[in-house]
Structure formats: C-alpha cells, structure tokens
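Visitor: Hi! I've got a few quick things to ask about this one. Can we go through it together?
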Amino acid sequence: MSYHIVTLPGDGIGPEIMSGTVKVLKHLSNRFQFSYTLKSYDIGGIAIDKHNDPLPERTLNACHSADAILLGAVGGPQWTDASIRPEQGLLQLRKELNLFANIRPTTVTHETSHLSPIKEERVKNTNFVIVRELTSGLYFGEPKYFNDDKALDSLTYTKEEITRIAHVAFQLAQTRNRKLTSVDKENVLASSKLWRSVINEVGQSYPDVELEHLLVDACAMHLVTHPSRFDVILTENMFGDILSDEASVIPGSLGLSPSASFGSNGPKLYEPIHGSAPDIANQNIANPFGMLLSLAMCLRESFNETAAASHLETSIFKLIKEKKTTRDLGGKYTTDEVINHLLEYI
Ligand code: NAD
Ligand code: IPM
Ligand code: MN
C-alpha cells in the first residue's frame, strides 16, 4: 500500500516549512517502513502569478484524487490589491472538497508550559480541541459585495450544516473527557440562535457528553484565564478562526499549532493554522513545528501510521525541551537547523 500525498507549499514561509517537512516524511517512511508518492502543486499567490488563478484546475483535480493533502500557507502583501486574492484559492479548495470540519488542537505539555505568555500554573494540564465549522458562515454567505459607499457580508447557517459539525464535535468529545463547550453569540445573532437550538437538539443523542454554551466574548476571556477548563470547543467559522489563533499562543507560539480538515468522505487536508508570515519569509527562521505536527495528524488520521506519528510528536517535544527551536520559541536555530536536529532523532 502506497499513500498518495499532494503538497501545496503556497506562499511566504509555506515553501520553507514544507521542504523540511517533506525531508522528515522521507526519514519517517524509512524508519517505519511505509511507502508513499508525493507531488507538489501551486496554490495561492504563486498560482495567481503563474496561472492567473489561485486554485488552478490541475491543483484541484490532483487534490480530489489524493489520499491526503499537506498545505503550507497562502497570501502576502504583493497580492493585496489583486482582483483575485490568494486566500480565495484556499477557501475554494475547502468548499470544493467539502471540508466542513476543522480540528485545531491545543496542548500544553511539561516541555512547553514555561513558554506560555500566561502564568505556568494557569496553563498546566491544558488540552483541548477547537472544532471549527469551515465551509459556511460569514466566509461563504451570499449576498456579499462592496462598493465605495457600502459593503455587505452575509452570515448564514442552515440546520443541516450545524447538525453535521455538531455530530463531529460530540463524537470527538466521546473519545476525550466528554465535555463540549459550544460557542456562539446567541444574545445578538440570528444564526447563533439557530446554532444553539440545533446543538441542544443534537446533544440529546449524546447524554454521556456534558454540554455547556458560552458566548464568544466570554470564551475569549476564559481561554486566557483558565484554558485547562476546556475539552472540546465547538464553534462556527469566523469565531473559530479568531479563537484558534488566540488558543495557539497558549503553548508558546502561533508557529506550533497544527490542524486537520475533513468532510464526510474524500481526502483530508492538513495545514498549520498560521499564515504565510510575510514579515519573516525567506529568512530561514520560520517555526516548522505547526506544519510538522500537521504531518503527524496526517500520518495518524489518514494513514493509521500511529507509531510514526507519535515518534514525530515526541521528537518535536524533545527538541522544545532541549531548546533546539526557532526564535519564536526562545531558541537560536534556523528552520533548516531545527529540521536537521529532528532528522537526527528520527
Ligand atoms: P500570520 O499567521 O502569517 O503571521 C502572524 C504573526 O505570527 C507574524 O508576526 C508571523 O511572523 C508570526 N508567525 C506565523 N507563523 C509563524 C511561524 N511558523 N514561525 C514563526 N512565526 C510565525 O498572519 P498574518 O500576518 O495576519 O497574515 C499573513 C498572510 O497569511 C495573509 O495574507 C493572510 O491572509 C494569510 N494567512 C494564510 C493562512 C493559511 O494559508 N492557512 C492562515 C492565516 C493567514
Ligand atoms: C486560517 C486562515 C484562513 C481562514 C484565511 C487565510 C482565509 O486564517 O486557516 O485560519 O480565515 O480560514
Ligand atoms: Mn486564521
């Protein structure tokens, strides 16, 4: 059995973190005896430059027939004024592959608790997962337009969209500590009123999972004052985007957070939650751990290569403990040097 992987390095630091990740994959496949094929395609700004399209048909077709997809990041200041933006390529890919569920874990281990901007005693034992709805809400709602006088975005959710993501989150909670926090803005938004009532309805099928509701502003506060209270956080697209960047720095850096996106069937997509970081691109200082932990999620969830996934994760946390990290985590090493240290462990 050979796994077919499509890589989409994208823009900014995307290619820098992807090239090291591909090396790590090769070493893991030697050590853990699995085989794979890998092919790289353009997405985002580079695809606009080369093909005038942030998601060329070739890229989309390759993704459809892949066993799994690894994505770096898209976007950058050179495409801000473009009529088509790089980010549209990523959004369209999520929509085309129906990747409605986005899983963003946050774990503070004893190796990382000292790196948190929050007091160590508060972040100890933090281990939660944000389940973000990824293909609806403000990002995709119609109508949407802007002109010089007025702009409009539409925040739409259907019962079916809320129901399917709710099942993902409740089922995930059943494999963890059986606590689910649903986050909305039910005191103001119509879409949130529907959200809350559908979550309550679906929750009746999961009596073993403790369900609570939090308003998004209060949730943002609890995340920094008492992050260890959470197990599974379920929320809509926009709130999930914002809360997951906030959550990502609890263990020390945005550069550490991985994610997995999936639909009811078809290939899953794995990407770090950070962006293309134009401020540090081409300097060989980007933290590759978010991308590498995304590879670990891929190995475990798409290929059931649990030993390889665990070894990769353990090796990364060992590097953090030994301060063999990039500077966002307090280390003094370049991206390539961190990768070389990791290859030694593998
Ligand atoms: P960003 O996540 O790229 O960067 C925010 C800050 O975090 C920057 O200071 C950056 O240097 C730092 N950072 C991010 N990743 C890092 C890493 N791996 N190692 C070290 N430091 C890291 O967010 P932004 O600056 O708001 O956005 C830049 C571009 O990225 C925008 O075009 C945005 O649309 C895009 N973006 C893309 C994705 C994606 O492709 N999935 C995600 C978020 C943002
Ligand atoms: C993310 C990113 C994307 C999002 C952007 C690039 C469209 O911020 O994956 O978190 O908002 O979903
Ligand atoms: Mn984001």
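Visitor: Let's start with Gly76. How far is a polar backbone atom of Gly76 from an oxygen atom of ligand 1?
Guide: That distance is 3.4 Å. Keep in mind that this is a predicted model.

Visitor: And Val74, what's the distance there between a backbone N or O atom and an oxygen atom of ligand 1?
Guide: For Val74 the backbone N or O atom lies 2.8 Å from the ligand 1 oxygen.

Visitor: How much of ligand 1 does the protein bury?
Guide: The protein buries 69% of the 800 Å² that ligand 1 exposes when taken alone.

Visitor: Nice. How many residues surround ligand 1, and which are the closest?
Guide: There are 21 of them, and the closest are Val74, Glu87, Gly275, Ala277 and Asp279.

Visitor: Switching topic: which residues does UniProt list for "binding site"?
Guide: The UniProt record, an unreviewed entry, lists Asp217, Asp241 and Asp245 under that heading. Although they span 29 residues in sequence, no two of their C-alpha atoms are more than 14.5 Å apart, so they gather at one spot.

Visitor: Where are Asp217 and Asp241 found?
Guide: Asp217 belongs to helix H8, residues 216-225. Asp241 is in helix H9, which covers residues 237-248.

Visitor: Which residues does Asp241 touch?
Guide: Leaving out residues up to four places away in sequence, Asp241 touches Arg104, Arg132 and Tyr139.

Visitor: Last one, Asn125. Where is it, and is it buried or exposed?
Guide: Asn125 sits in the loop between helix H5 (120-123) and strand E5 (127-133). Its relative accessible area is 64%, and over 50% counts as exposed, so Asn125 is exposed.

Visitor: And how far is Asn125 from Ser192, C-alpha to C-alpha?
Guide: The separation is 30 Å, with the two residues 67 apart along the chain.

Technical notes
Residues numbered from 1 in each chain as written. Chains lettered and ligands numbered in written order. Predicted model: local features only at pLDDT ≥ 70, side-chain atom pairs only at ≥ 80, totals over all residues. Heavy atoms only, no water. Near = heavy atom within 4 Å. Polar contact = N/O pair within 3.5 Å; in protein donor to acceptor, adjacent residues only side chain to side chain. Areas by Shrake-Rupley, 256 points an atom, 1.4 Å probe, with all protein chains shown as cover. Helix = DSSP H or I, 4+ residues; strand = E, 2+ residues; numbered from the N terminus. Buried < 20%, exposed > 50% of the residue type's maximum accessible area, 1.4 Å probe, protein only. UniProt positions renumbered as here; feature names shortened; annotations may be inferred. Contact = heavy atoms within 4.5 Å.
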